[in-house]
Amino acid sequence: MAGKDYYAVLGITKNATPDEIKKAYRQMALKYHPDRNPGNKEAEEKFKEAAEAYEVLSNPDKKARYDQFGEAGLNNSGQGFGGSGGFSMQDIFDRFGDIFGGAFGGAYGSGGGSDDGNPFGAFGTFSNFGGGRGGKRVQRGSDIRIRVKLTLSEIMHGVDKTVKINKLVPCAACHGSGARSDADIKVCPTCNGTGMVTRIANTILGQMQTSSPCPACHGEGKVITNPCRSCNGAGVVRSAEEISFHIPAGAVEGMQLTIRGKGNAAKNNGVNGDLLVVIEEEPDQLLTRDGNDIIYPLFLSISEAIAGCTKEIPTVDGKIRIKLDPGTQPGKILRVRGKGIPDINGYGNGDLNIYVQLWVPKRISRDEKVLLDKLGESPNFIPQPDANDRKSFFDQFKGMFDKDKD
């Protein structure tokens, strides 16, 4: 498999169950956790790498595309097909903040683990990376999903696309803060700016302490006393934006291209969502795609099949000429190597498969019937199939039923 081996990163096999994937990720995260490896850049990279692997392997759709296409099925020049494209600490918080939880209040938390489905168990929330150990939440904008149709030529060669999207962007009047001025942003009096509130409850097991996002500021640690008039305190407004991106050669129907940070903007200058581009293939009038191969049905007249002929065959890049021998049989497949679709992982091109079919007219004139009757009396026109002909027919007939079973 080309590119990164996410199974090797987590130390698991390709047949690992979701629970085994989650367990392996938790073990890696505990081992290379920043609290346990302060100032260790190598451990930090391994921590990010484990999160990247878990993000793919824990998602059934991404895992299926990764298993089929390798890393190229998820990533292309930093704009992956649903892949990670390189994780930062902030990315990990954005994507897994709900998994990590905030029960222990710290930016990294401490110790332990649990069996409640949280890969990190007792680890607290990963928030404010590089900016202290507060529990304040970072808002993340929502993703935007669009569909882009590609012609067979665009799939063959790859293509640059530009789309215009109506999306949420930071408010220009308040620069995304949601307030009329900096003086109108106050520390939340309920949580004193931490973004979290702690409650102590008496239970039969004794006192239990829990932490949760502050209901007054929604975990942001600040409140707006005088909202911006342009965005009514939201910090974002709707606006049209043109976004350009590249789709690589060999893209497949249903493949998803993820463009980081090009989704909706988040409130209060949070982290932008992503733009998710789903690939659709436009049917071609002459050619049919079959994996990386291209199929062209070539119809021959009876005289062409008998006497042989030269035909022009369309391809994605123009036409080619092929010579057919006298006595060419219907059902024959002519293969032109390398004239198919490029493999997205760079393993070469598929082939052009020319499927020969016999064109039989449904109506003929009286004179044509007379001619055919005369030809039918000729020994060469009397069917005389040999063993190879019968075997070829049986193989094709059996193949039809095999396809029906699939």
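## Aromatic pairs

The structure holds 4 aromatic pairs, counted where rings of Phe, Tyr and Trp (its six-membered ring) have centres within 6.5 Å; planes under 30 degrees apart are stacked, over 60 edge-to-face and the rest tilted. In one of them, the ring centres of Tyr-6 and Tyr-66 lie 4.9 Å apart with the planes at 40°, so this pair is tilted. Tyr-6 sits in helix α1 (residues 6-10) and Tyr-66 in helix α4 (residues 60-69), 60 residues apart.

Tyr-66 also pairs with Tyr-7, with centres 6.1 Å apart and planes at 40°, again tilted. Tyr-6 is buried at 1% relative accessible area, Tyr-66 at 0% and Tyr-7 at 5%; buried means under 20%, exposed over 50% and partly exposed in between, with a 1.4 Å probe and protein chains only.

## Basis of the model

This is a predicted model, in which local features need pLDDT of at least 70 and side-chain atom pairs pLDDT 80 or more, while totals for chains, interfaces and linings use all residues. Residues are numbered from 1 along each chain as its sequence is written, and side-chain values use heavy atoms, without hydrogens or water.

## Cysteines

There are 0 disulfides (cysteine sulfur pairs within 2.5 Å). The cysteine sulfur closest to that of Cys-191 belongs to Cys-217, at 3.7 Å, too far for a bond. For Cys-231 the closest is in Cys-174, also at 3.7 Å and too far. Cys-191 is buried at 4% relative accessibility, and Cys-231 is buried at 7%.

## Whole chain

Of the 406 residues in the chain, 40% are buried.

Key:
Helix = DSSP H or I, 4+ residues; strand = E, 2+ residues; numbered from the N terminus.
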